[in-house]
Amino acid sequence: MKVHEYQAKGFFAQYGLPVDRSILCHSVDEAVEAYRKLGLEKVVVKAQVHTGGRGKAGGVKLAASEDEVRRHAGNILGMNIKGFTVDRILIGEAVDIASEYYVSILVDRRTKSPILMLSREGGMEIEKVAKETPEKIIKIAIDPLVGLPVYKAREAAFALFDDMAQVKQAIPLFQNLYRLFVEKDASLAEINPLIVDKSGDLKAIDAKMTFDNNALFRHPDVAELNEPTEEEKKELYAKEKGFSYVNLGGNIGCMVNGAGLAMATMDMIKLYGGDPANFLDIGGSSNPQKIVEAMKLLLSDRHVKVVLINIFGGITRCDDVAKGLIEAFKELDTSMPIVIRLTGTNESEGRALLQGTKFTVGTTMADAGHKAVEIAAKL
């Protein structure tokens with residue numbers, strides 16, 4: 001689960017991390033009033049959306065007067081940034097920056113532990129740094145049983161700063177960031193950039209946090225900030241209906257019984273030159289209503305051109321699945337091509353039931369995969 005910058009800064013402030021002064025606004029008039037309230041000569045007007053690249057998209061602007069605040073706020077509110085519409089902005093102090101750094105704590109699957117990531121190349125181009133000059137990124141593994149003691153935080157501070165004044169400030173900053181990361185069950189806590197101002201003080205002028213969805217029940221203060229995207233809403237809907245769904249953005253919808261088979265189905269589609277639209281595991285049930293709900297989910301994706309239903313009948317009999325599909329599609333009104341592969345227990349009976357229906361029946365998984373890719377290519 002993601003939160004906005006202003007929400008992440010709220011958590012930072014709770015844990016004693018130095019953040020810039022800022023006020024959240026939902027309208028141009030609120031932005032002008034915030035400028036007056038801050039009483040600063042210069043402010044930054046920042047779009048608040050669940051994505052990066054705001055600066056490059058024009059969602060971050062400097063303003064030195066009420067007129068400039070009004071103009072920038074009017075331009076940014078309603079802006080579309082990578083598919084997200086800006087409905088709120090942050091008016092914050094424009095800090096006099098001497099240097100920028102990158103700091104984050106995240107879960108590292110390789111070491112099976114949190115890691116502290118640091119770089120002297122902070123700012124908007126950190127992705128470019130990671131790709132082109134990875135040696136400029138320092139990674140320090142954190143033993144979850146030990147945490148981030150002073151000596152480890154000092155090691156990190158000396159890796160990032162040369163001046164002892166910043167080292168002394170960085171040690172408690174890193175420790176507090178790690179404490180926040182652990183106590184709130186975060187999967188990422190990032191400061192980019194962490195800046196040194198002209199007075200030599202450290203300050204987090206941007207903040208990013210994501211949290212473990214499975215731990216939200218422990219953190220009602222985090223859970224109440226959840227603003228699921230349309231795709232996340234679909235995943236939650238699928239979970240409520242008893243199946244697993246993840247959108248992948250392709251044009252061949254997949255409905256499969258079994259997670260392993262679902263993964264193999266997506267791999268097969270890619271192998272044959274197609275583009276899977278989703279991962280969808282409906283489990284072992286042949287319940288017509290469950291099939292209806294799964295199909296509604298697939299049909300709601302405007303990118304889907306054809307649906308491939310891949311069923312292996314083990315405990316679930318293929319003839320029961322075929323009957324369930326026929327019943328389900330009496331309720332569904334769609335002209336979308338449907339390719340079905342049935343194999344396993346009573347597969348011959350299942351295929352016989354589907355003969356003469358609107359479905360395209362594949363004799364094997366490969367046959368069904370080729371047919372789905374060919375149909376999608378023609379549409």
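Gln 7 lies in helix H1; helices (H or I, at least four residues) and strands (E, at least two) are DSSP runs, numbered from the N terminus. This is a predicted model, in which local features need pLDDT of at least 70 and side-chain atom pairs count only at pLDDT 80 or more, while totals for chains, interfaces and linings use all residues. Residues are numbered from 1 along each chain as its sequence is written, and side-chain values use heavy atoms, with hydrogens and water left out.

**Gln 7 and His 4**

With a relative accessibility of 9%, Gln 7 counts as buried. Buried means under 20% relative accessible area, exposed over 50%, and partly exposed in between (1.4 Å probe, protein chains only). The side chain of Gln 7 reaches the backbone nitrogen of His 4 at 2.8 Å. Leaving aside neighbours within four places in sequence, Gln 7 is in contact (heavy atoms within 4.5 Å) with Leu 225 and Glu 227.

His 4 belongs to the segment before H1. His 4 is buried too, at a relative accessible area of 4%. Its side chain and that of Glu 227 are joined by a polar contact of 3.3 Å. A polar contact is a pair of N or O atoms within 3.5 Å; within protein, one must be able to donate a hydrogen and the other to accept it, and residues adjacent in sequence count only if both atoms are side-chain atoms. Not counting residues up to four places away in sequence, His 4 touches Gln 48, Val 49, His 50, Arg 88 and Glu 227.

**The chain as a whole**

The chain has 13 helices and 18 strands. Its C-alpha atoms fill a box of roughly 80 × 50 × 40 Å, taken along the principal axes. Of the 379 residues in the chain, 49% are buried. Among contacts between residues at least 6 apart in sequence, 68% join residues at least 24 apart.

**Nonpolar cores**

A nonpolar core is a set of buried Ala, Val, Leu, Ile, Met, Phe, Trp, Tyr and Cys residues joined through side-chain atoms within 4.5 Å. In the largest one, which has 42 residues, Phe 12, Leu 116, Phe 161, Phe 174 and Met 209 touch the most other members. At least two residues of this core come from each of several elements, including helix H1 (5-14), strand S8 (113-119), helix H5 (150-160) and strand S10 (186-197). Helix H6 gives the most, with nine residues.

Phe 12 is in contact with Leu 17, Val 19, Leu 177, Leu 180, Glu 190, Ile 191, Ala 204, Asp 206, Ala 207 and Met 209, leaving aside its neighbours within four places in sequence.

**Strand S16 and its partners**

Strand S16 covers residues 306-313, and seven of its eight residues are buried, so the strand is largely enclosed by the rest of the structure. Two strands pair if DSSP finds at least two bridges between them. Strand S14 (residues 252-256) runs parallel to S16, and five bridges join them. Here Val 256 stands opposite Asn 310 in S16.

Strand S17 (residues 338-344) is also parallel to S16, with seven bridges between them. Phe 312 has Thr 343 in S17 as its bridge partner. From S16 the chain crosses through helix H11 (residues 318-331) to S17 in a right-handed β-α-β crossover. Right-handed means that, with the strands pointing away from the viewer, the path from the first strand over the helix to the second runs clockwise.

**Salt bridges**

The structure holds 21 salt bridges, each a side-chain nitrogen of Lys or Arg within 4 Å of a carboxyl oxygen of Asp or Glu. The table gives some of these pairs.

| Pair | Closest N to O distance |
|---|---|
| Asp 185 and Arg 218 | 3.1 Å |
| Arg 317 and Asp 320 | 3.8 Å |

Asp 185, in the loop between H6 and S10, and Arg 218, in the loop between S12 and helix H7 (220-223), are 33 residues apart, and their pair links distant parts of the chain. Arg 218 is partly exposed, at 48% relative accessibility. Lys 270 is exposed at 51%, whereas Asp 275 is partly exposed at 35%. Arg 317 is partly exposed at 35%, and Asp 320 is partly exposed at 29%.

Salt bridges also link Glu 5, Lys 9, Asp 20, Lys 46, Arg 54 and Asp 206 in a network.
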